[in-house]
Amino acid sequence: MIFKDAKTSVNSILKVTDTSFIKIEGFFEKGNSQNLDLNVVSENLKIKDVSQIINFLGKSFGIKELQNIDLNGDLKADFNIKSDFKKIVSKGYLEIKDGKILYKPSNIALDKINANIDFSDNLVKINKTGAYLNSQYPIAISGQINNNAQANITVEAEELPVSELIKSLPNKFGSNISAAGMLSFKTQLAGSLKNVIPKTTANIKNLKVADKKTKTYLSFSSADIVSLNALNFQNNQSKI
């Protein structure tokens, strides 16, 4: 990887086994004149093999947290995308099958990760893409980026247990907190790639969060959150 002024270039091949590799080449230029040219090719790549390399690098550089994460799944890709963030020229595909990200200290996983991203016809189309929290609670991603570099992407989930989400926090936070309740959300990313505007609507039901050390808790029956800027309580019976 080469950094020069506002331009970052990469030209690398990571060969994991005799038949498994990923090749990444291209550049990204930021500043007043933004440009992207990225080419990715991968055949028979087992994400677990990459995970082992990441763990080794983590040990070498003293990044212990990387050793707490396991990755799995299959990745195939052969795509090229070029953009000045006003227009897109693209072709190819990216597929992930049966992916899994496991955070070992709390045994929480984002699994059943499947992605089918189509770069053909100068569009980036996100098809049949999603994951599950601990194999039970689906999270779906859909949408596209058109050839005018306009994004319209949605990420949504229904009734994720807050207790499972709390487990994903680092131990120094999560170990002191107990929580119950259900979270549903929908996030939309819309607009030009130069200025994508996220909008999130979320609902939390029957939330109760307790701090074990201070023995304080917060609870309410329902809350709606819009764009993470405004909080509107409905049928609120909150207690502290």
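Visitor: Over the ring of which residue does the charged end of K112 sit?

Guide: In this predicted model, the charged end of K112 lies 4.9 Å from the centre of a ring. A charge counts as sitting over a ring if it is within 6 Å of the ring centre and within 35 degrees of the ring normal. The ring in question belongs to Y132.

Visitor: Which ring has the charged end of K208 over it?

Guide: The charged end of K208 is placed 4.9 Å from the centre of a ring. That ring is part of Y217.

Visitor: How many helices and how many strands does the protein have?

Guide: Of the 240 residues of the protein, 31% count as buried. The chain forms three helices and 14 strands.

Visitor: Is the pair formed by the rings of F79 and F119 stacked or edge-to-face?

Guide: F79 lies in strand β5 and F119 in the loop between β7 and β8, 40 residues apart. Both F79 and F119 are buried. Ring planes under 30 degrees apart count as stacked. The centres of the F79 and F119 rings are 4.2 Å apart and their planes are at 5°, so the pair is stacked.

Visitor: How are the rings of F28 and F85 arranged, stacked or edge-to-face?

Guide: F28 belongs to strand β3, whereas F85 is in the loop between β5 and β6, 57 residues apart. Planes over 60 degrees apart count as edge-to-face. The two ring centres are 6.1 Å apart and the planes stand at 70°, so the pair of F28 and F85 is edge-to-face.

Visitor: Is F28 buried or partly exposed?

Guide: Buried means under 20% relative accessible area, and exposed means over 50%. At 14%, F85 counts as buried. F28 has a relative accessible area of 30%, and therefore it is partly exposed.

Visitor: With which side chain does that of N203 make a polar contact of 3.4 Å?

Guide: N203 is found in strand β12 and is buried, because its relative accessible area is 16%. Its side chain reaches the backbone oxygen of A223 at 3.3 Å. The polar contact of 3.4 Å joins the side chain of N203 to that of S222.

How values were computed:
Residues numbered from 1 in each chain as written. Predicted model: local features only at pLDDT ≥ 70, side-chain atom pairs only at ≥ 80, totals over all residues. Heavy atoms only, no water. Helix = DSSP H or I, 4+ residues; strand = E, 2+ residues; numbered from the N terminus. Buried < 20%, exposed > 50% of the residue type's maximum accessible area, 1.4 Å probe, protein only. Polar contact = N/O pair within 3.5 Å; in protein donor to acceptor, adjacent residues only side chain to side chain. Phe/Tyr/Trp six-rings, centres within 6.5 Å; stacked < 30°, edge-to-face > 60°.
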